[in-house]
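This briefing covers sheet pairing, nonpolar cores and ring contacts in one structure. The sequence and model are shown first, and the points follow by topic.

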Amino acid sequence: MSHASYELKAETRERVGKGSSRELRRNGLIPAVIYGDKQAPLSIALSTKEVTMKIHAGGFMTTVATIDVNGEKIRVLPKDYQLDPVRDFTMHVDFLRVSKDSQVTVEVPVHFENEEKSPGLKAGGVLNIVRHEVELNVSANDIPEFLSVDLSGLKVGDAVHISNIKLPKGATPVITDRDFTVATIVAPAGGVKEEAEGEAEA
């Protein structure tokens, strides 16, 4: 289910600050930081092209990677990144150090399946997605690529709650105080087909 892990080569950054970041970017590198696991943050530089390709490939925030920093291999999970809003290239990445026992918090995308088996959608109902992603606490080794929601049998007015979704082993939602809604099937603005015909006869 999860994306294949990958490795990035990095070098440590001696100088940090705005001037050195600009210099890095001119050389096709971006500044990044590895933090967590009770160790001092490590400032590194990565290939802009490699990182931007990984971000565009999808699953970047839910895939554990290995960063080879001058020969030392560090397992990490991306926690945040900034894109240049104008030129769409990566400006900076924050990585979290993870070990095989680490528990991490990730936003996992939700995929909807079997739309054609939902009577509500067949009658013209609309799938109203409340959450495109669900924040989960999971083991760093078992991050799901996505969560599946089966829409079979759902009628207009039905809702999918987090309790209806099968979560991977050991995964728990970050929101624990309520059975929150992930999606609902709502009537379209003009009403569903059967109802619409009834009105025409009146």
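Two strands pair if DSSP finds at least two bridges between them; strands (E, at least two residues) and helices (H or I, at least four) are DSSP runs, numbered from the N terminus. The model is predicted: local features need pLDDT of at least 70 and side-chain atom pairs count only at pLDDT 80 or more, while totals for chains, interfaces and linings use all residues. Residues are numbered from 1 along each chain as its sequence is written, and side-chain values use heavy atoms, with hydrogens and water left out.

**Sheet**

- Four strands form an open sheet with mixed pairing, in the order β10-β7-β9-β12.
- The edges are β10 (147–150) and β12 (172–173); each has a single partner strand, so one side of each lacks a neighbour in the sheet.
- Strands β7 (residues 103–113) and β9 (residues 133–139) are antiparallel to each other, paired over 7 bridges.
- Val108 has Val134 in β9 as its bridge partner.

**Nonpolar cores**

- A nonpolar core is a set of buried Ala, Val, Leu, Ile, Met, Phe, Trp, Tyr and Cys residues joined through side-chain atoms within 4.5 Å; buried means under 20% relative accessible area, exposed over 50%, and partly exposed in between (1.4 Å probe, protein chains only).
- The largest core has 27 residues, of which Val104 and Val134 touch the most other members.
- At least two residues of this core come from each of β7, β9, β10 and β13 (181–186), and β7 gives the largest share, 5 residues.
- Beyond its neighbours within four places in sequence, Val104 has contacts (heavy atoms within 4.5 Å) that include Leu77, Leu96, Leu136 and Ile143.
- A separate core of 18 residues includes Ala32, Val51, Ala65 and Phe95.

**Rings and charges**

- There is 1 aromatic pair in the structure, where pairing requires ring centres of Phe, Tyr or Trp (its six-membered ring) within 6.5 Å, with planes under 30 degrees apart called stacked, over 60 edge-to-face and the rest tilted.
- Phe60 and Tyr81 have ring centres 5.6 Å apart and planes at 80°, so they are edge-to-face.
- Phe60 is buried at 5% relative accessible area, whereas Tyr81 is partly exposed at 29%.
- A charge sits over a ring if NZ of Lys or CZ of Arg is within 6 Å of the ring centre and within 35 degrees of the ring normal.
- Lys54 lies over the face of Tyr6, 4.5 Å from the ring centre.
- Arg131 has its charged end over the ring of Phe180, at 4.5 Å from the centre.
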